[in-house]
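Thanks for coming. I will go through one model this morning, and I will keep to what can be read from the coordinates.

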Amino acid sequence: MAPPAASQRYPSPSQPSGKSEVSDLKSQLRQLAGSRAPGVDDSKRELYKKVISYMTIGIDVSSVFGEMVMCSATSDIVLKKMCYLYVGNYAKGNPDLSLLTINFLQRDCKDEDPMIRGLALRSLCSLRVPNLVEYLVGPLESGLKDNNSYVRTIAVTGVLKLYHISPSPCIDADFPATLKSLMLHDSDAQVVSNCLSALQEIWSLEANHSEEACREKESLLSKPVIYYFLNRIKEFNEWAQCLILELAVKYVPSDSNDIFDIMNLLEDRLQHANGAVVLATVKVFLQLTLSMTDVHQQVYERIKSPLLTLVSSGSPEQSYAILSHLHLLVVRAPFIFASDYKHFYCQYNEPSYVKKLKLEMLTAVANESNTYEIVTELCEYAANVDIAIARESIRAVGKIALQQYDVNAIVDRLLQFLEMEKDYVTAETLVLVKDLLRKYPQWSHDCISVVGGISSKNIQEPKAKAALIWMLGEYAQDMSDAPYVLENLIENWEEEHSAEVRLHLLTAAMKCFFKRPPETQKALGTALAAGIADFHQDVHDRALFYYRVLQYDVHVAERVVSPPKQAVSVFADTQSSEIKDRIFDEFNSLSVIYQKPSYMFTDKEHRGPFEFSDELGNISITPEASSDIVPAQQYEANDKDLLLGIDQKDDNKGLSNNNGSAYTAPSFESSSNITSQLQELAISGPATSAITPQSSFGFDDLLGLGLSAAPAPTPSPPLLKLNPRAALDPGAFQQKWRQLPISLTQECSLNPQGIAALTVPQSLIRHMQSHSIHCIASGGQSPNFKFFFFAQKEPEPLNYLTECVINSSSAKAQIKVKADEQSTSQAFATVFETALSKYGMP
Amino acid sequence: MMISQFFVLSQRGDNIVFRDYRAEVPKGSTETFFRKVKFWKEDGNAEAPPIFNVDGVNYFHVKVVGLYFVATTRVNVSPSLVLELLQRIARVIKDYLGVLNEDSFRKNFVLVYELLDEVIDFGYVQTTSTEVLKSYIFNEPIVVAPARLQPIDPAAIFTQGAKRMPGTAVTKSVVANEPGGRRREEIFVDIIEKISVTFSSSGYILTSEIDGTIQMKSYLSGNPEIRLALNEDLNIGRGGRSVYDYRSSSGSGVILDDCNFHESVRLDSFDSDRTLSLVPPDGEFPVMNYRMTQEFKPPFHVNTLIEEAGRLKAEVIIKIRAEFPSDIVANTITVQMPLPNYTSRASFELELGAAGQRTDFKESNKILEWSLKKIVGGGEHTLRAKLTFSQEFHGNITKEAGPVSMTFTIPMYNVSKLQVKYLQIAKKSSSYNPYRWVRYVTQANSYVARI
């Protein structure tokens, strides 16, 4: 361990200047070492304190190591603790000396006093000296069996420390198994929770090369283990509760009752004063209900109030962490928060990082009913003393305008900003007016009359200047002095430092010239000459290009530079929905704070004990599977015994309606669905047993026999037969997904009926199942859906794993296929694509 | 869920304590952190956010009494967990030291290390309960005399920054004995309300909110059970609907939008008779946090007038009126107002016989500041300021100045009308009668009047 570097700034009279003090200490310690005089412990304490104080401020006191160890023969526990602290700090750098400490630490591990046993064991395991690990195993073994829970707690963490120093002695001593049994049987909650964190860490690291560890890791997510923890969650302290809740997030519930049981069990955790407990609970609720749209929405409603309370009750730092999560939810489901907009008003004394989040939230929740009030409030901030916030506020007004609510009133306000005559306000507003005009050209008249009154001399910021110049060019016919303003600007070409502005000047001069040639000709000539002589490559190139195209044909030039424009309908979103979904899946982590998925800021091994490491990673399949598994398993039941399946369904409904819980199961499965399901199953039935020419066209196509009467533009795929009853458990799927490389990626289209049917994503799952392609997990919300499918070849059981991301607004699907047998993956992809293309067809 | 290092830095960036739990973060993290916080420039923000990432290391910090409590980790942990932990470590240390400041820290760093070793092991939180920690801690605190504290109001001791996390008046350690070797049996219950109000330029209330905490600090031996009865007409908003939707003026009863509770609180009879029962652990902790948007009477009415007086002059008149009973006294009141950028001078005129008032024009950021030691309920005070401008103003002067903001503390007053009706301590014997202190205090969080 590295002691902190020296800091000489603390003006203390006892501040040691260097070595003389340390050697002084050394001799004093030596004198005391053998002494048994009364009161010697007090003198020792004083000396020890000095040593540790030096250590803290970064003075190297490792040279007194020997003396410290000699002095440690004491029964004074305060002295012992200081000695342990010291030893822990310097052992790694002094492995030889550390050997000296082993003796007394081992002796202390057998002390009568459990406190000393515990402390000694902790120090022993904290030495971090690899060649001393042989001395750890024995004390750890007895520590884990100690009858005192304090010692056991420390021993459990000690095992983890040992694993990090050197894994093999830890595994050889079978410590993980011991921890597992302690975890499930120990009476002390802290021992249990330390076992859980130690095992998560050890098994995650071991899982990379051990099948068994991988299984063990999965076993933590089994129903008995999860219920064991959840049922006694209140016995644990708040920090351990967070650990358990994080584990529960990864659990795959067996059915919807399971989901509601868990939610009802955890309901009161939302009233906890500790924000970390509440957020961890919220994550469990959100992930469990991902595919149950109604319930998911109920969850949003339920968590709103507790989160708002946490935002206003903690320190500013804590509110920030909570607010970042609220921000994520607001942006995801603005309509749910639309009536709460007042909570996102900024307070004048809030830190700017909080205000910034709130401004974004206000922008997100703006709708027909609250826009007027929100914009009024934002306009107040535009006069804020904090210039950065004033700018953000103006931008927020602009964004709301681009969302199409009450544009009329907003344009008025924006134009009022221009009257404030503050440089930065004018600058921001100009940029916005430009964007507005690109989207709503019908407002040009009102805007141009005001913009025309702005003197370009008062605008310094390149972005604003460029915006103004763009408007001058675009609306040259409406602004009487446009050519002259441009001319002025062009004359000062040399003083214009921003290449962006110079580029805009060239284009604006061209546009202006096409509209008002006589007035602009001279200015354009000057601009082109200056541009061609410009040292900036882009400016030079553009000027030259304009010059040549003008030479070639003025009309062509006009068509190139100033074609009739279409209004922009949607400005590109800066963040893809894929990324947003990943961040949502990493709820209650730093990803939310940084607004980036974890792979962008963290290396693999630090993404948390239960994150999956490759690209499947953060879309972690389990939480999604948790929601999906409900229908999937019911199909399975139907598959086996159709009558029973229907009965079960009724049972489920009865239960979920009668259990008096706060949440109710969605009733998306009506009996008509069941009949259609029956049909589908009936159709898929024969496909498994026979390749008969009299099968429906669908099968011919599916099986690639080329007998299809339907036009098939794709080359006929090789024969591929899939097992309609293939089974693969989610754990195995994850593991395979991790291990296999992507064998191919392709894009395919969905037909419009398919997109329409996708309002019930379950229908796609059923559809694919009828083609012997089984869904293992699904998630997402319109317009982005994600599914994980698998299929198994027959007769040899080779697996095909597919990730399918469907964007319902573009009607496109991206598929990634991973296969046990690479050579047939193209054939499978064709089958998949064909099946997908039939989705929604009657 | 683990952290790598924990350290505390002074305002100047000196290490006060430093503990490395996992040796995963390279040397120099304290310097990296301090440089980053001190010279934060990213995103145009003036101050560093509580969480940032430098070279793959995540830095978390909270500021308490001017000290930086910092944790580092490489893992993608729960941010609120780490921030909550840092705040909790500060509270545990305060429980032990009685007074939390740089001086008490330096005098007791061995004790602090002792605490840190029990709070976190190998980066995993073990416990932050002062009660539990007591049996593992052997160092005696060296108590720093509270006299060395700034003489500020009781509720502000544990505060730092704009939004407050108020503490109590109690500045004695939970473990230290009184002179004479005996501890006084006593318990403190503080109802602390931070209020936020925004007035429109015409004096209407645009938004208002009360963020309250019932804070407890117990020095009772033997952990007796305590029952805390609140108003019987207390209601808690259901279904997450904002009270903004159905704000009523009739105002019978206290309606909380939402609340949350400390772990130790049992709510068995809360629904029937609004009673909380708990066995208070040692140390200071919030029993309950609550949030209210129900309408309430703002304690101060603020009236601001700004008038042009010639081409280079203007006059500002600020009038504040205390709208609470005359047996209540507000203290440490400050009124601030940003003035137009081009203000070069401000001369003030206080009312006749004004005592305990100070005025200031902060040249650097053009802010007018008026502070008053106290205001008695019903009282009214006026400030006149004559402004001189360095250039002619154009347009609307009210757009260039304001808003007026206020901070204040009003002891023994709470705006929500939430009350502790009684505080019952399970009796150990008939002669057992500990001291009980129930105190109310109202503080401004964000109290703003637009002009």
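Let me start with chain B, where buried residues make up 62% of the 451 residues. Keep in mind that this is a predicted model. By secondary structure, chain B has six helices and 25 strands. If you take the contacts in chain B with a separation of 6 or more, 70% of them are between residues 24 or more positions apart.

Next, the aromatic residues. Over all chains, the count comes to 40 aromatic pairs. One of them is B:Phe199 with B:Tyr447: the ring centres are 5.6 Å apart and the planes stand at 75°, so the pair is edge-to-face, the class for angles over 60 degrees. These two residues come from distant parts of the chain, 248 residues apart. B:Phe199 is in strand 8, residues 186-199 of chain B, and B:Tyr447 is in strand 25, residues 435-449 of chain B. Are they buried or exposed? B:Phe199 has a relative accessible area of 5%, so it is buried. B:Tyr447 is buried as well, with a relative accessible area of 1%.

There is also an aromatic cluster in chain B. Its members are B:Phe7, B:Phe18, B:Phe33, B:Phe34, B:Trp40, B:Phe52, B:Tyr59 and B:Tyr68.

Now two loops, with backbone angles to look at. As background, most residues other than glycine have a negative phi. B:Lys366 is not a glycine, yet its phi is positive, about 55°. B:Lys366 sits in the loop between strand 20 (357-362) and strand 21 (367-376) of chain B. With a relative accessible area of 15%, B:Lys366 falls under the 20% cut-off and is therefore buried. The other residue is B:Met412, which also is not glycine and has a positive phi, near 55°. B:Met412 belongs to the loop between strand 23 (404-411) and strand 24 (420-425) of chain B. Its relative accessible area is 48%, so B:Met412 is partly exposed.

On to the interface. The area buried between chain A and chain B is about 8,700 Å², and carbon and sulfur atoms give 55% of that.

As for polar interactions, 40 residue pairs are in polar contact between chain A and chain B, counting pairs with both residues at pLDDT 80 or more.

One salt bridge joins the side chains of B:Arg450 and A:Glu380, at 3.7 Å from N to O.

Where is B:Asn76 placed in chain B? B:Asn76 is in the loop between strand 5 (67-73) and helix 2 (79-97) of chain B. B:Asn76 has a relative accessible area of 8%, so it is buried. Its side chain makes a polar contact with the side chain of A:Ser589, at 3.2 Å. The side chain of B:Asn76 also reaches the backbone nitrogen of A:Leu590, at 2.8 Å.

That is what I have. I will take questions now.

Notes
Residues numbered from 1 in each chain as written. Chains lettered and ligands numbered in written order. Heavy atoms only, no water. Buried area = accessible area lost by both parts, 1.4 Å probe. Salt bridge = Lys/Arg side-chain N within 4 Å of Asp/Glu carboxyl O. Polar contact = N/O pair within 3.5 Å; in protein donor to acceptor, adjacent residues only side chain to side chain. Phe/Tyr/Trp six-rings, centres within 6.5 Å; stacked < 30°, edge-to-face > 60°. Helix = DSSP H or I, 4+ residues; strand = E, 2+ residues; numbered from the N terminus. Buried < 20%, exposed > 50% of the residue type's maximum accessible area, 1.4 Å probe, protein only. Contact = heavy atoms within 4.5 Å.
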